[in-house]
Amino acid sequence: MGTISVNRLGGLTLIVGPVLAVVMFFIQPGGIIIDPADPSNAQESIMAFISNSGLAKATGLLIPLGLILFLYGIFTIQGNIRGNGNGDALSRLGAGIILIAVIGWVSTSALGNVIAGTDMQSAAEMAAAGSIFAAASGINLMSGLLGALGFLLFSLALSTRDDFKRIPALVIAVASAVGLAAGLWGGLDTAQLETTQMISGVVYLLTTIWSITLGLDLLAKE
């Protein structure tokens with residue numbers, strides 16, 4: 001591994017990272033598959049985590065790992081663009097915003113692990129879990145908005161270049177714009193969080209597919 005090139009490692013992380021994150025996202029308790037809960041309903045979401053604490057803790061560790069790998073791949077792509085024609089400035093801005101979003105998502109996962117370790121045996125623990133959930137929800141909402149904005153800018157940057165496929169990049173730009181609008185909708189009306197979370201999941205799935213193609217392109221350059 002000490003001799004692996006930046007492009008090869010970046011290509012691998014663009015494939016493995018987002019796939020790991022999206023799989024863990026879909027099986028995370030309270031999400032889409034296991035004990036689905038309305039994200040605007042604190043009690044439902046907290047109980048989903050506590051009832052499946054082992055899985056909640058595992059996904060809470062693996063989602064950040066996948067996102068960090070994904071982030072390395074994003075910065076590898078940006079490194080290929082840096083100082084080399086169209087899209088440099090816009091991709092730098094997009095990658096920087098994505099970095100902040102990932103930090104937020106990692107923080108949310110950490111708070112989720114705290115909730116999963118709560119036994120809810122006292123009123124004080126229940127109140128603490130509720131406060132932690134509220135903080136995690138706020139961070140997650142802001143991170144989702146920043147992530148959508150970051151990928152919107154990053155995909156637009158790649159769409160201006162001849163060494164990246166224009167149509168897939170524009171598709172992700174449109175999907176990211178939809179994700180950004182959904183995030184704003186959820187922020188203004190928390191009763192719609194369940195719907196906006198589903199939209200965000202579809203957007204992230206499309207972004208994952210795009211990331212895999214970017215990773216394969218990087219590997220092909222080796």
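Author: A nonpolar core is a set of buried Ala, Val, Leu, Ile, Met, Phe, Trp, Tyr and Cys residues joined through side-chain atoms within 4.5 Å. This is a predicted model, and its largest nonpolar core has 24 residues. Ile74, Ile77, Phe154 and Leu158 have the most contacts inside that core. Two or more residues come from each of α1, α3, α4, α5, α6 and α7, and α3 gives the most, with seven.

Reader: Which residues does Leu158 touch?

Author: Leaving out residues up to four places away in sequence, Leu158 touches Ile77, Ile81, Phe164, Ala169, Trp210 and Leu214.

Reader: How do you know that the span of helix α6 agrees with its number of residues?

Author: Helix α6 covers residues 166-188, which is 23 residues. At 1.5 Å a residue they should span 33 Å, and the end C-alpha atoms are 33 Å apart, so the two agree.

Reader: What covers the buried residues of α6?

Author: The cover includes α5 and α7. Among the buried residues of α6 are Ala169, Ile172, Gly179 and Gly186.

Reader: Why is Leu206 called partly exposed?

Author: Leu206 sits in helix α7. Its relative accessible area is 36%. Buried means under 20% and exposed means over 50%, so a value in between is called partly exposed.

Reader: What makes the nonpolar surface patch that includes Leu206?

Author: Val202, Leu205, Leu206 and Ile209 make that patch, with an area of about 330 Å². Patch residues need over 30% relative accessible area, and Leu206 has 36%.

Technical notes: Residues are numbered from 1 along each chain as its sequence is written. This is a predicted model: local features need pLDDT of at least 70, side-chain atom pairs count only at pLDDT 80 or more; totals for chains, interfaces and linings use all residues. Side-chain values use heavy atoms; hydrogens and water are left out. Patches are made of residues with over 30% relative accessible area and no salt bridge: like charges are joined within 9 Å, nonpolar side chains (Val, Leu, Ile, Met, Phe, Trp, Tyr) within 5 Å. Accessible areas come from the Shrake-Rupley method with a 1.4 Å probe; for residues, only the protein chains shown count as cover. A salt bridge is a side-chain nitrogen of Lys or Arg within 4 Å of a carboxyl oxygen of Asp or Glu. Helices (H or I, at least four residues) and strands (E, at least two) are DSSP runs, numbered from the N terminus. Buried means under 20% relative accessible area, exposed over 50%, partly exposed in between (1.4 Å probe, protein chains only). The expected span of a helix is 1.5 Å times one less than its number of residues. Contact means heavy atoms within 4.5 Å.
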